[in-house]
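Please keep the sequence and the model in view while reading.

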Amino acid sequence: MEVAGKPLRVQTLAQTGLTQVPSQYIQPPENRPRKPAVTSTSTSTSTTTTSSSSSSSSSSSSISSKNYNNIPLIDLLEFDPHHSGEVRDEIGRACREWGAFHVTNHGVPNRVLQEMRSVGLTFFNDCPIANKLTYSCDPNSAATEGYGSRMLVSTADDSVLDWRDYFDHHTLPLSRRNPSRWPHFPPTYREVVAEYSDHMKALAQKLLAFISKSLGLRPSCIEDAVGEFYQNITVSYYPPCPQPELTLGLQPHSDMGAITLLIQDDVGGLEVLKDGEWVTVKPLSDAIVVILADQTEIITNGEYRSAQHRAITNSSQARLSVATFHDPAKTMKISPAFELVKESSPPRYRQVVYGDYVSSWYTKGPEGKQEY
Ligand SMILES: O=C(O)CCC(=O)C(=O)O
Ligand SMILES: [Fe+2]
């Protein structure tokens with residue numbers, strides 16, 4: 001949405017005190033959240049390895065009968081080699097059943113997670129809008145670095161806008177990293193993002209090794225298929241919304257790359273689709289959400305599926321999340337791992353050049369993988 005040639009940020013819109021959202025933000029009835037978002041407070045995480053799905057009944061208005069309580073929670077036990085078999089099996093189960101799960105004792109210091117959330121929030125809350133706009137991403141091309149408000153680049157008038165502003169950083173490989181394009185306020189912002197990036201890369205590598213092993217593959221199989229990580233870090237800011245029942249912070253989608261690592265604040269709003277039901281990912285302040293993305297689905301020949309997810313809004317509190325995407329290079333050819341293709345399990349996906357996959361996603365929307 002543009003006003004006199006300038007992009008309108010959702011935060012600016014929310015600050016006008018409007019009581020009804022502009023029509024461009026109203027989702028079609030089938031996409032609206034069924035119940036208004038409730039805010040919740042952060043809970044400290046358990047140290048046991050457990051899957052937290054449950055099938056108890058509740059008074060939710062959801063049409064599904066499952067009523068899962070949260071995504072699975074897996075204690076990585078600081079990658080203690082004595083427990084690697086159990087952790088591998090837990091990860092395999094969570095990948096097969098959900099495509100998304102929380103991890104604790106992941107080796108990333110809690111301080112690093114807190115600092116990342118803190119500098120992101122300070123930028124959005126305390127930096128004047130005129131200053132923020134100096135970092136605006138190019139509205140005419142997809143996935144450029146910087147401050148922005150929309151995800152799809154589409155000329156169609158009927159595209160519904162997300163109730164979200166974001167800042168996207170290109171962090172890896174180092175040849176793409178140019179911290180002078182990142183916020184200069186607060187002063188520690190750029191060093192915090194750089195440190196956070198390194199930790200997320202190391203964790204993504206360890207998780208992909210576990211995921212490979214859980215399918216009987218050699219540990220480096222998926223990482224080799226992805227090649228050098230193209231890592232982007234997106235800080236999303238969802239201002240309070242006067243009509244959360246009509247809007248979405250982020251439309252339903254699966255992530256395009258290989259693996260996404262996400263942290264959120266204690267407001268809550270991330271939901272994962274499970275058996276046709278949207279399950280709220282309850283915030284756990286020292287945990288990291290792992291989301292399998294489309295290229296991992298292709299490489300694993302559909303043994304593991306990428307997770308459909310979305311963000312809902314609420315009327316009382318702004319929400320912040322930080323998603324770290326690990327993608328192949330645009331030139332990489334992605335296809336099912338040969339070890340997983342047999343006579344009894346033929347290839348389910350065509351080989352795709354990752355750059356073509358991305359272009360088609362941005363022009364046509366999240367339409368899924370090229371299945372046979
Ligand atoms: O804000 C969230 O929790 C979800 C963000 C997300 O899915 C994305 O940026 O791709
Ligand atoms: Fe996502």
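Arg111 is partly exposed, at 40% relative accessibility, where buried means under 20% relative accessible area, exposed over 50%, and partly exposed in between (1.4 Å probe, protein chains only). The side chain of Arg111 forms a salt bridge with that of Glu195 (2.8 Å, N to O); such a bridge is a side-chain nitrogen of Lys or Arg within 4 Å of a carboxyl oxygen of Asp or Glu. Because Arg111 lies in helix H3 (residues 110-126) and Glu195 in helix H5, the pair ties together parts that are 84 residues apart in sequence. Glu195 is also partly exposed, at 27% relative accessibility. Arg111, Glu115 and Glu195 are linked in a network of salt bridges.

The model is predicted: local features need pLDDT of at least 70, side-chain atom pairs count only at pLDDT 80 or more, and totals for chains, interfaces and linings use all residues. Residues are numbered from 1 along each chain as its sequence is written, chains are lettered from A and ligands numbered from 1 in the order in which they are written, and side-chain values use heavy atoms, with hydrogens and water left out.

**Other salt bridges**

A search of the whole structure finds 12 salt bridges. The table lists three of them with the accessibility of each partner.

| Pair | N to O distance | Relative accessibility |
|---|---|---|
| Arg111 and Glu195 | 2.8 Å | Arg111 40%, Glu195 27% |
| Arg93 and Glu90 | 3.2 Å | Arg93 42%, Glu90 14% |
| Glu297 and Arg305 | 3.6 Å | Glu297 2%, Arg305 40% |

Arg93 and Glu90 are 3 residues apart in helix H2 (residues 84-97), so about one helical turn separates them. In this pair Arg93 counts as partly exposed, whereas Glu90 counts as buried.

**The chain as a whole**

The protein chain has 8 helices and 16 strands; helices (H or I, at least four residues) and strands (E, at least two) are DSSP runs, numbered from the N terminus. Of the 372 residues in the chain, 52% are buried. Contact means heavy atoms within 4.5 Å, and among contacts between residues at least 6 apart in sequence, 77% join residues at least 24 apart. The accessible surface of the chain comes to about 16,200 Å², and carbon and sulfur atoms account for 50% of it. Accessible areas come from the Shrake-Rupley method with a 1.4 Å probe; for residues, only the protein chains shown count as cover.

**Two residues and their surroundings**

Arg177 is found in the loop between strand S6 (165-172) and helix H5 (189-214). This arginine is buried, with a relative accessible area of 17%. The side chain of Arg177 makes a polar contact with the side chain of Ser197 at 2.9 Å. A polar contact is a pair of N or O atoms within 3.5 Å; within protein, one must be able to donate a hydrogen and the other to accept it, and residues adjacent in sequence count only if both atoms are side-chain atoms. Not counting residues up to four places away in sequence, Arg177 touches several residues, including His170, Trp182, Ser197 and Asp198.

Ser214 is found in helix H5. The side chain of Ser214 reaches the backbone oxygen of Ile211 at 2.7 Å, and a polar contact of 2.7 Å joins it to the side chain of Tyr304. With its neighbours within four places in sequence left aside, Ser214 is in contact with Arg88, Gly92 and Tyr304.

**The ligand**

Which residues are around ligand 1? They include Arg164, Tyr238, His253, Asp255, His309, Arg319 and Phe325, a residue being near a molecule or strand if one of its heavy atoms lies within 4 Å of it. The shell around ligand 1 divides into 6 nonpolar, 3 polar and 3 charged residues. In this division Ala, Val, Leu, Ile, Met, Phe, Trp, Tyr, Cys and Pro count as nonpolar, Asp, Glu, Lys and Arg as charged, and the others, Gly among them, as polar.

A polar side-chain atom of Tyr238 lies 2.6 Å from an oxygen atom of ligand 1. For the side chain of Arg319, an N or O atom is 2.8 Å from an oxygen atom of the ligand, and for His253 the corresponding distance is 3.1 Å. Taken alone, ligand 1 exposes 300 Å², and the protein buries 97% of that. Strand S8 (250-253) and strand S14 (319-327) are the elements that give two or more residues to the shell. The largest share, 4 residues, comes from S14.
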